[in-house]
Amino acid sequence: LGDLESCLREATKRATKNAPLRHNAVEIFDERNSGDNTGVRIPWIDWQIEPDSDSVEISAYMAGGGCSLPGAAKVLMPLEGYEGVVKFVFDILCDRGVNACPPLLVGLGIAGSIDVASTLSKRALMRPVGSHNSNPVGAEFEKLLSDGLNEINIGPGGFTGTDSVMGVNVEQAARHPSCIAVAVSVGCWAHRRALIRIHPDMSYEFLSHKGVVL
């Protein structure tokens, strides 16, 4: 486990050179591009420990700058309720959604603090398109948001139409009674996500792309 971060950094460097990938890691304050897509705390790694598991699942997500532009988070007053969550999502997508190359996959995190909501919103993008929240009310909330966003006429590529989003994935954590934190992360139409499972004997299987061989 302790070696995994350095392995992923080295993998990022190799992929940048061999694929090749456009280098996009610019150091804060120095304003210098590293040239290999690594830098201070980049690639960013979000850990989740799976109890009683001796394998590792790695989700790789390559997002362009346009995907990040609509990203936003806010802590709402409790009186605003889930209607306030809906308003926040629509305000963000109506203002900046076109910059993210629609149709979009919208990741929404709802929690008790802004850092948790933001993390959950990105994790929501790791879920497959067409998946549903484990809570039936949450699943219905996803559908209502998705249906509503498809009616705001952004359309594919921002050229108007009903297919503005591929879906809305919501992940949640219990909140403090006095606040509702909400965060939005967005994936573009390409949704460049891959998921691989690696076993202790170094055998592997791609869970997102069938038939791929390393």
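Visitor: Which side chain is joined to that of Ser185 by a polar contact of 2.8 Å?

Guide: The side chain of Ser121 is the partner, and the polar contact between Ser185 and Ser121 spans 2.8 Å; the term means a pair of N or O atoms within 3.5 Å, of which, within protein, one must be able to donate a hydrogen and the other to accept it, while residues adjacent in sequence count only if both atoms are side-chain atoms. This is a predicted model, in which local features need pLDDT of at least 70 and side-chain atom pairs count only at pLDDT 80 or more, whereas totals for chains, interfaces and linings use all residues. Residues are numbered from 1 along each chain as its sequence is written, and side-chain values use heavy atoms, with hydrogens and water left out.

Visitor: Why is Ser185 classed as buried?

Guide: Ser185 is buried because its relative accessible area is 12%, and buried means under 20%, exposed over 50% and partly exposed in between, with a 1.4 Å probe and protein chains only. Ser185 lies in strand S5, and, not counting residues up to four places away in sequence, Ser185 touches Leu105, Val106, Gly107, Ser118, Ser121, Lys122 and Leu125.

Visitor: Which residues point one way from S5, and which the other way?

Guide: In a regular strand the side chains alternate between the two faces of the sheet. Here Ile180, Val182, Val184 and Val186 point one way from S5, while Ala181, Ala183, Ser185 and Gly187 point the other way, and all are buried. Strand S5 covers residues 180-187, and eight of its eight residues are buried; helices (H or I, at least four residues) and strands (E, at least two) are DSSP runs, numbered from the N terminus.

Visitor: What is the order of the strands in the sheet that holds S5?

Guide: Strands of a sheet pair through backbone hydrogen bonds, either parallel or antiparallel. The open sheet of four strands has the order S2-S5-S3-S4, with mixed pairing, where pairing requires that DSSP finds at least two bridges between two strands. Its edge strands are S2 and S4, each pairing on one side only, and the twist averages 15 degrees from one strand to the next; axes are lines fitted to C-alpha atoms, for helices over the stretch in contact, and angles run from 0 to 180 degrees between N-to-C directions. Five bridges link S5 to strand S2 (residues 72-76) in the antiparallel sense, with Ala181 as the bridge partner of Val75. Seven bridges link S5 to strand S3 (residues 104-111), again in the antiparallel sense; Gly109 has Ala183 as its bridge partner, and Ala111 stands opposite Ala181.

Visitor: Which members of the largest nonpolar core touch the most other members?

Guide: In soluble globular proteins, nonpolar side chains tend to be buried together. The largest core has 22 residues, and Val85, Leu93, Val106, Leu108, Leu149 and Val184 touch the most other members; a nonpolar core is a set of buried Ala, Val, Leu, Ile, Met, Phe, Trp, Tyr and Cys residues joined through side-chain atoms within 4.5 Å. Helix H3 (81-96), S3, helix H5 (136-149), strand S4 (165-172) and S5 each supply at least two residues of this core, and H3 gives the most, with six residues. A second, separate core of five residues includes Ala111, Leu120, Ala181 and Ala183.

Visitor: At what angle do H3 and H5 pack?

Guide: Two packed helices are described by the angle between their axes and the distance between the axes. For H3 and H5 the angle is about 35 degrees and the axes are 11 Å apart. Tyr82, Val85, Val86, Val89, Phe90 and Leu93 in H3 meet Phe141, Leu145, Gly148 and Leu149 in H5, contact meaning heavy atoms within 4.5 Å. H5 also lies across S3 and S4, running at about 145 degrees to S4.

Visitor: Is Tyr204 partly exposed or buried, and where is it found?

Guide: Tyr204 is partly exposed, with a relative accessible area of 30%, and is found in strand S7. A polar atom of the Tyr204 side chain lies 2.7 Å from the backbone nitrogen of Leu214. S7 belongs to an open sheet of three strands in the order S1-S6-S7, with antiparallel pairing, and three bridges join strand S6 (residues 193-198) to S7, where Ile196 stands opposite Phe206.
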